[in-house]
Amino acid sequence: MRKISISLAAPVGAFLLTLVVSTIALMAFGSSPTEAYADMLSHASKLETQVDILNRATPFYLSAVAAAIGFRMNLFNIGVEGQYLMGFLFAAQVGGLVSLPQALHILVIMLTAMMVSSLYAGLAGILKTTRGVNEVISTIMLNAIAIGGLIAWLQQKWQGDLGENFSSTSLGTKPIDESGLLPTINGLLELVTREVGQGKELTGMFLVAILVGIAYYVLLNRTRFGFDLRASGINPFAARAGGVPPKRMVLAAMMLSGAVAGLIGMTELADTGKFPPDPIQGLGFQGIAVALLGRNNPGGMAFAALLFAFLDVSSGVLDSTGAASREIAVIMQGIVLLTAVVAYGVANRFRERDEAREAAEVLAAEREVVPA
Amino acid sequence: MTVAIELRGITKRFPGVVANDDVNLTVEKGEIHAICGENGAGKSTLMKILYGMQPADEGTMKVNGEVVEFTSPNDAIDCGIGMVHQHFMLADQLTVLENVILGAEPTVGGGRINFHQAEAHLSKVTEDYGLTIDINQMVESLEVGERQRVEIIKVLYRGAEILILDEPTAVLVPQEVEALFDNMRELKASGATILFIDHKLDEVLEISDSITVLRHGRTVATMKNDGVTAHDLAELMVGSELPTPDTSESTVTDEVALELRDLAVRNEDGRQVVHDINLRIHRGEIVGIAGVEGNGQGELVDAIIGTADISNGSIAFHGRDVTNDSVRKRREAGLAYVPEDRHQEGLLLSSPLWENAALGHQTQAPYGSTWWLDRGGAREQTERIRKQFDVRTPSIEVSAHALSGGNQQKLIIGRELTSDPDVLVAAHPTRGIDVGAQAAVWDDIRAARRNGLATLLISADLDELIGLSDTIVVMLRGEFVATLSPDEVTPRDLGAYMTGAALQNGGAA
Amino acid sequence: MISTLTRMPAWARWALYAALGVFLLTLVQTISDTERLTQVATAREMLRFAVPIFLAGLGGLFSERAGVVNIGLEGMLILGMWFGAWGSINYGAWWGLAIGIGGGMIGGLLHAIATVTFQVDHIISGVAINILAPAITRYLSEEIWESPTTSPRTSAVGDWDVPFLAGGTIFGWESPDWLLTISQWEIWYLSDVAQLSRGLLRGTSWVAIIALALVPITAFVIWRTRFGLRLRICGEKPSAGEAQGINIIRYKYIAVIMSGGLAGLGGAFISTELSGLFQGGNSAGRGFIGLAALIFGNWRPGGVLLGALLFGYVFGLDLRDLDGTASHAMLLVNAIAFTAVGIWAFTRKNRTDTILAAVLGFGALFWWIVADTVPSWWSNTLPYVVVLLVLVFFAQRLRMPVSLGQPYRKGET
């Protein structure tokens, strides 16, 4: 019982502390915290907003799982950002060029994204295994190379047919045919809720995200590969002596992480059908935050993704109600992350101490029974 | 006779264990006072309290007749107490000088170190006490005996008159121990008081004036070294007999289980740290490798396990060449491994015991297969290990770090021996564990030997080597220099071979 | 010859490398028929880009020498950017710098609390700070300046011309500009050296001068003072320091806060001097490049400066190279550099390095011969590629502080 309450205390405590700090931040600039929170919550109680939140949470969750795969092995794949954009771009281009029956078309698109993304991540993995280049710096550099250079250049080359009426909406890669767009699942949703209005559609990637979460859990906890991966993260020396091939693991983990990262852009792609000149950015870093907040745990990351999505989406209403600056959401995300990370460290120590005490008590009890 | 140190009623508790329980200690000025006890008796904790590294929960301390309360080592240093730790506290990437003056740096103008003054003072100390060392060398290039000398210089530099030595002979061979004892006698002659922790009773009897015995955190006896025998001390320490060398009949067969041929290993700088190694271990045989740490034993073990690349030669298990096999393949071929540092190479400290039991065997039944883990099977097996090897724990779900060192080692031994191995590589298998666990581990290894296990044993504990091995091989500078029989060899001879003195003198001293 | 090389004092070695570098550039310039590689303006841009990178890297030096990995330098730099801009707008240029340092120090304090007191993994804490810092600056920006990403214009601290060498004024008297004279003589190599040096010494921001001065100051502090020795023990073997009565926790805190302050100064420099305003996104990863400079420099201040100048040069050149000829010429520089690396690797009997360098060298040479210009993505990404290449070839021969990244708890041996 005590174990569970310690585990829960950490995120709850972090959240409370976040509320305190953001309340102070709001009051410091003359906004009313209660108004702001009330506005956000009431906005979020609408079904349409909730669909938005789920749509927003989906790429967060995928990004978090991608980062978490690395984290479980003590690999810091900061390059999720660059990897998913590369995957997104290539998938959009390939998807626009081919025309296949729906299931196949969608599959080809997703696999392309996953493969490209995985290879790009594998590059960092190779740098680490062959030359010992720290993956934090290499993935950050690869991010910059992708975003600053490669993607911009390829975007130009792959600019779709602009047509006669040049407008901003025709910028981007060649649009994918209907058959390549992953269908939305409002139908499924409406089985349990009322009809969704305002033209909001729940993305089909939501289901994919759930599947990915399940696969992540199974992989990590039930497969031998998952055992190897976790062991490498906990103690690479012991893992090595225990037969886990270190370099192969690093490469495999990075590529797997990259593969999942490739799915991040699929939500946007299924929606717009092309890679636009200004795709949504920052999903890679938010995913890292969600993974840390969720402690690399499939369920925890889901809650964290929903929380971040809630903050992002419902703070949008603050622009129109004027209760506060919508940027408060970003602050809350940052603070909840930092405090949670600290709280987890503290909770860990409590748990370790408890365990040590229990074990020592057992020892002491036995010792007294044995004649000295 | 003035009293240098008087401890009364010292008590110290940690979560779940009482490390020191109403301990009394009286050390007279100018004497060499030994503190004995098995691992876990509370000796180190007591010394840490005396040195100000930890506060006592109860009790009083008097130094040179005055009551003191230490909040940090600085306070102890101010009272003239200096501690030489068992695990050297030296930074490899700093010079001897920097390591010694740290914390007491002579400064000029508020921060700049006065290196001239430091060098002068240091040279004086080393000359006065006859401790030769090059003070501008990086510590990483020093040998074990030299590093210990630096530790002693460190405390003398600060004007220590009461020296605490924590298991100083643990890493030395007999010849180096003699040199240390000479230094100690010289220090005593210069007026120093020396407290030293040791559980090697022959050494204690050789050098000390008085002896205090601790057991389970309590003072069991204090006496003058006057007619005391090792037997008496042992009984006080353990309450029972010490383990003795095994003299039962040989179980060595003709079948070769492990064969090393012309084995050589290079380190990162390209130097050969292991070369010309030829060895055969038969079923039912234990071969013990003796040697001062740093002579290639670690690299030899890594080469056999598969974590180090071999630059020449071959390794074969039961005639099958495994030279190019991965660690996993060798494990699956029947290799078991008890690593030297269980925390670093043997355990996943934050994982539950049943996952630790699977480590190294996760691709084999009952723990798992190529693709899937068998969690139920792993748990059952761990329960079996727990019972058979007497691993004391509340449950197998507990994290490994919660267990004591002895129980952790028993778990490791258990998981390795129950994996049906053909070859066992055991490096320092009883290092840092209490005598009870040590005896259990020795029994388990002997039982496995009777069942046909071939074992390569690496140890710095000469009693362990002599007691367990069928053959002893001495390793020096990366090669085997002598093959000895445990029935005939003495610790002194062994030490001579280990340090090369025997070869220089054309034989054992 | 190799032995005389290793026996020279560090500063002489760095000077020699610099001289060789300039030689290489001059040579390529002649072959490639471009003037840009050794122009005064190029050197000036190099320094301007190098300063924040260097300051971040120096911050990393203090932190890592004390055993704390500081990935959060980017975030601390961003805090410095914002607070520097705010301070400059409201109180003037010098106050801007001071407040920018303060902002960075706040970030450092957070990192210290998380890692030293609460034992949070260093990299995780750094990542968290990198996420938190932009959030804070966005919020404050929005509240104070109505825009989450831009601020009003800031003012910079002044420039200075070095007298005699670059024609600076002393009490109103304009001193001769010797470097200008030498460069006007148009002597091959000599004039190029003069030009590049002049770019560093004329119109140099005071911040840059402070940064350059920090090199010998840092070296002195780290190796010749009590503070420095104690700081180093924290990163090498904290248990040894603790046993000798040193308050490890205090020194770690100081080091990490200092690293935040230095990164903050770098950020303040960006928003006051480089861009003239706070602009979200202007950090451009310079905190991370600073880390790369730290690794390249083997955790020594002179090395960090050299790394920062190297990266700054590539950035600066790219900025000014509107027609692409200089970037094209850089291919030849790359080719020659790879060849040099290959030869060095060969002498060290390192086969893989030699082959790798040779392949890259031939590739670059081939490309230089075949193409007239380089595609835009190459020049945009060249700095980051250079960072990667530097790490690929040099990361393994370096010696980081032994206890770097390890958690420290008082009383543990």
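Reader: What share of the 509 residues in chain B is buried?

Author: This is a predicted model, in which local features need pLDDT of at least 70 and side-chain atom pairs count only at pLDDT 80 or more, while totals for chains, interfaces and linings use all residues. Residues are numbered from 1 along each chain as its sequence is written, with chains lettered from A and ligands numbered from 1 in the order in which they are written. With 20 or more other C-beta atoms (placed from the backbone) within 10 Å of its own, a residue is buried; in chain B that share is 49%.

Reader: Good to know! Along its principal axes, what does the C-alpha trace of chain B span?

Author: Chain B holds 18 helices and 22 strands (DSSP runs of H or I with at least four residues, or E with at least two, numbered from the N terminus). The spans are about 65 × 50 × 50 Å.

Reader: Which element gives the most to the side of chain A that touches chain B?

Author: Here 28 residues of chain A meet 40 residues of chain B, a contact being C-beta atoms within 7 Å, placed from the backbone. Elements giving two or more residues on the chain A side are α9 (224-234), α10 (236-241) and α16 (328-369). With 13 residues, the top contributor is α16(A).

Reader: And in chain C, at what angle do helix α9 and helix α14 pack?

Author: Let's look at the pair. The contact uses C:V215, C:T218 and C:A219 of α9(C) with C:P301, C:G302 and C:L305 of α14(C). The axes lie 8 Å apart, and the angle is about 150°.

How values were computed. Two residues are in contact if their C-beta atoms, placed from the backbone, lie within 7 Å. A residue is buried if 20 or more other C-beta atoms lie within 10 Å of its own, exposed if 12 or fewer, and partly exposed in between; C-beta atoms are placed from the backbone. Axes are lines fitted to C-alpha atoms, for helices over the stretch in contact, and angles run from 0 to 180 degrees between N-to-C directions.
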